[in-house]
Each structure stands twice: as structure tokens, then as C-alpha cells.
Amino acid sequence: MQKFTSIASSLKKEKPLFSVEFFPPKDDAGGKRMLETAKAISPYQPDFVSITYGAGGGTRETTMRYASALQNDYGFEVMPHLTCVGHTVDELLEILEDFAKAGFRNVMALRGDPPKGEKVFQAVAGGLSYGSDLVALIKENFPDFVIGVGGYPEKHPEAIDASTDLINLKTKIEAGADFITTQLFFDNQVYFDFVKSCHDIGITTPVLPGLLPVLSLGQAQRFCSMCKATLPLLLEKELENADESNQSAVGSKWTAEQILGLIGEGAPGYHIYALNKPQSTLKILESLGIEKAVV
Ligand SMILES: Cc1cc2nc3c(=O)[nH]c(=O)nc-3n(C[C@H](O)[C@H](O)[C@H](O)COP(=O)(O)OP(=O)(O)OC[C@H]3O[C@@H](n4cnc5c(N)ncnc54)[C@H](O)[C@@H]3O)c2cc1C
């Protein structure tokens with residue numbers, strides 16, 4: 001079993017932090033695949049793993065069940081995500097109480113996207129409107145939790161402009177967030193510029209780069225369109241030129257090179273959006289020379 005180290009102290013270590021993100025599976029077959037992925041990754045001892053809270057806010061039980069499995073069966077330091085979507089403050093407090101009772105000490109606090117069919121996010125009666133409100137709620141009621149928040153190097157799609165978005169990000173930090181995990185990006189310069197802008201307005205918390213090893217050109221285009229992230233021409237061309245069966249190898253090579261560049265320039269670590277599949281993440285870790293722990 002891995003010995004727990006808090007995310008806050010992992011972020012302060014000289015060794016770059018490495019973390020992996022899962023999502024709550026839709027059914028038992030998906031759950032089995034997710035846990036097999038967790039098992040394959042566990043010898044590499046990520047500093048933490050996170051598990052998302054489903055869009056629309058409907059994965060309370062599944063997020064909790066699989067977050068517990070990741071912690072109790074695989075020994076990971078776990079950071080469940082939580083969104084404000086569809087929840088009153090009382091419900092959010094109940095969920096946070098459940099997290100605390102289950103032994104979690106970290107939470108990724110998010111507003112969440114508007115539910116399907118709705119264009120604008122609207123808090124439910126008695127609910128919260130912004131990620132910063134959730135951070136404040138957690139800080140007030142669970143002061144020992146390590147709190148992560150989302151950051152958008154290419155601006156949150158709804159934000160009027162990048163500087164307004166940064167001011168809103170700063171509000172989340174001032175409400176008590178400990179670190180930022182970024183939305184996916186494929187060009188490291190985008191991250192470096194974002195970190196500089198954060199520093200310029202006084203955000204000094206660690207900014208953990210979130211990286212997606214793409215599996216195919218179609219997937220890369222879909223994700224970029226969803227998050228309004230830029231797909232660099234070179235990556236697009238490399239994916240186009242590869243056979244379908246080789247596109248994931250292009251994606252993992254790109255991510256591995258991104259990681260080397262990021263760490264080389266002082267990023268505190270890297271967070272891999274593994275999408276419950278092991279191959280790309282394992283390939284990346286092997287190419288980086290990360291060794292399996294001897295148990
Ligand atoms: C690392 C990461 C993990 C994620 N995990 C999940 C997940 O598990 N489940 C899920 O459903 N989604 C997840 N998302 C997506 C996220 O929920 C969406 O991007 C959502 O639209 C914004 O959430 P937020 O917490 O960043 O919002 P906020 O920080 O509240 O920002 C949302 C928008 O409101 C603006 N804003 C913020 N505060 C104010 C204010 N006081 N006044 C006016 N405008 C303001 C911001 O500029 C931004 O445009 C994740 C995103 C990231 C980057």
C-alpha cells in the first residue's frame with residue numbers, strides 16, 4: 001500500500017508531482033475497466049489520483065464508490081471532484097461530510113457546466129453560483145481539506161476576456177484554494193504565459209498542468225472544440241499522417257514531450273487526463289523513465 005502524502009506537501013517537494021484523473025464509469029463493465037487501469041498505474045505511485053463529478057451533477061454515488069475503491073483497494077491519495085450543479089448548500093455539505101467520513105482529505109471544487117440543453121449556468125434555489133463560492137463553503141466547514149480548482153490557460157469559454165477570467169480565478173484562490181489544475185492544452189507556451197499572468201496579478205499557488213494524451217485526431221478535435229483549446233497545427237498534421245492505429249502513439253509522444261518541457265521550465269508536476277484507459281499513461285511514464293515501485 002502506498003503511504004499517503006498530502007497533495008499540499010507533494011506540491012512542495014523538489015520531485016515533480018504526478019497525478020492521474022479518472023471519471024466515474026457508467027456501468028459495472030466500465031467500472032471494471034477503470035479499476036484495471038488504476039491497478040496498472042498503481043506501481044508507478046502517482047502522488048494522487050482524482051475522480052471527476054459527472055456533468056449534470058448526477059454521479060454522487062458513483063464518484064463516491066469509485067473514489068473509495070481507489071483509496072481503499074489501491075492505496076491512492078484521492079481527490080474527488082465536486083460541482084455545484086443541481087445541489088443546494090445543504091446537499092453540498094452532506095456530500096463533503098461523506099467525503100470526510102470516507103477518509104478523503106482533498107477536493108477539487110468546481111462550479112460545473114450548465115446541465116444538458118441549458119446554455120447558461122444557473123444555481124438551483126439555495127445553491128451556489130461560482131467555483132469560488134464552493135471553495136469558501138469548503139474552507140469554512142472543512143478547513144483541513146486541500147482544495148484544488150480549475151484554471152483555464154486559454155480562458156474559460158464563458159469568460160468575457162482573459163483578464164476578467166484571471167480576476168475570477170484569483171477570487172477562488174483568495175477564498176482558500178491551495179492549487180490550480182489547468183484545463184488541457186497542447187502548446188506549453190500557453191501554460192507558461194498563463195502562469196506568468198497568474199503571477200502578475202498575485203496568484204502564487206502552484207499551477208498543475210493538466211494534459212490529455214489524445215487517442216485520435218477526431219478525439220483531439222472534439223475536445224478542443226468543447227474546451228476551446230488550440231490544437232497546434234503540427235500535432236494535427238502528425239495525427240493526420242498517422243494510421244488510425246498509430247494516432248494514440250502520436251498523442252502519448254506529444255504529451256511526454258510536453259511534460260519534459262514543462263518540468264524543465266519549473267512546472268510543479270503534471271496531471272494526466274487518463275480517461276480510464278491505461279495504455280497512453282503507461283507509455284508516457286515509461287518513456288519518462290518513471291520506475292515502478294518495488295513492493
Ligand atoms: C481541472 C478541471 C477539472 C474539472 N472537473 C470537472 C468535473 O469533475 N465535473 C464537471 O462537471 N466539470 C469539470 N470541469 C469543468 C468545469 O466544471 C467547467 O469548466 C465549468 O464550466 C467551470 O467550472 P469552474 O469551477 O472553473 O467555474 P468558475 O470558477 O465558477 O468559473 C465559471 C465562469 O464564471 C466566471 N466567474 C467566476 N466567478 C465569477 C464571479 N464572481 N462573477 C462573474 N463571473 C465569474 C469565470 O470567469 C468563468 O467564465 C473541470 C475543469 C477543470 C479545469
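Predicted model: local features only at pLDDT ≥ 70, side-chain atom pairs only at ≥ 80, totals over all residues.
Residue numbers start from 1 along each chain as its sequence is written. Helices (H or I, at least four residues) and strands (E, at least two) are DSSP runs numbered from the N terminus, and two strands are said to pair if DSSP finds at least two bridges between them.

**Overall form**

- The secondary structure of the protein comes to 11 helices and nine strands; the radius of gyration, taken over C-alpha atoms, is 18 Å, close to the 19 Å that the globule rule (2.2 Å times the number of residues to the power 0.38) gives for 295 residues, so the protein is as compact as a globular protein of that length.
- Taken along the principal axes, the box filled by the C-alpha atoms is roughly 50 × 45 × 40 Å.
- Of the 295 residues, 44% are buried, where buried stands for 20 or more other C-beta atoms within 10 Å of the residue's own, exposed for 12 or fewer, and partly exposed for the range in between, with C-beta atoms placed from the backbone.
- Among contacts (C-beta atoms, placed from the backbone, within 7 Å) with a separation of 6 or more, 82% join residues 24 or more positions apart.

**The sheet and its crossovers**

- The nine strands form an open sheet with parallel pairing, in the order β7-β6-β5-β4-β3-β2-β1-β9-β8, and its edge strands, each pairing on one side only, are β7 and β8 (210-211).
- Strand β5 (residues 146-151) pairs with β6 in the parallel sense over four bridges, and Gly 151 has Thr 182 of β6 as its bridge partner.
- The path from β5 through α6 to β6 is a right-handed β-α-β crossover, meaning that, with the strands pointing away from the viewer, the path from the first strand over the helix to the second runs clockwise.
- On strand β6 (residues 179-182), Phe 179 and Thr 181 point one way, Ile 180 and Thr 182 point the other way, and all are buried.
- Two bridges, again in the parallel sense, link β6 to strand β7 (residues 207-208), where Val 207 is the bridge partner of Ile 180.
- Together with helix α7 (residues 188-200), β6 and β7 make a right-handed β-α-β unit.

**The shell around the ligand**

- There are 24 residues around the ligand, and those that come nearest are Thr 52, His 81, Arg 111, Gly 131 and Gly 150; a residue is near a molecule if its C-beta atom, placed from the backbone, lies within 6 Å of it.
- At least two shell residues come from each of β3 (78-83), β4 (106-110), α5 (131-141) and α6 (162-174), with α6 giving the largest share, four residues.
- The shell divides into six nonpolar, 13 polar and five charged residues, with Ala, Val, Leu, Ile, Met, Phe, Trp, Tyr, Cys and Pro counted as nonpolar, Asp, Glu, Lys and Arg as charged, and the others, Gly among them, as polar.

**Lys 292**

- Lys 292 lies in the segment after α11 (279-287) and counts as exposed because it has 11 C-beta neighbours inside 10 Å.
- Leaving out residues up to four places away in sequence, Lys 292 touches Pro 43 and Tyr 44.
- Although Lys 292 and Pro 43 are 249 residues apart along the chain, their C-alpha atoms are separated by 5.0 Å.

How values were computed. Contact = placed C-beta atoms within 7 Å.
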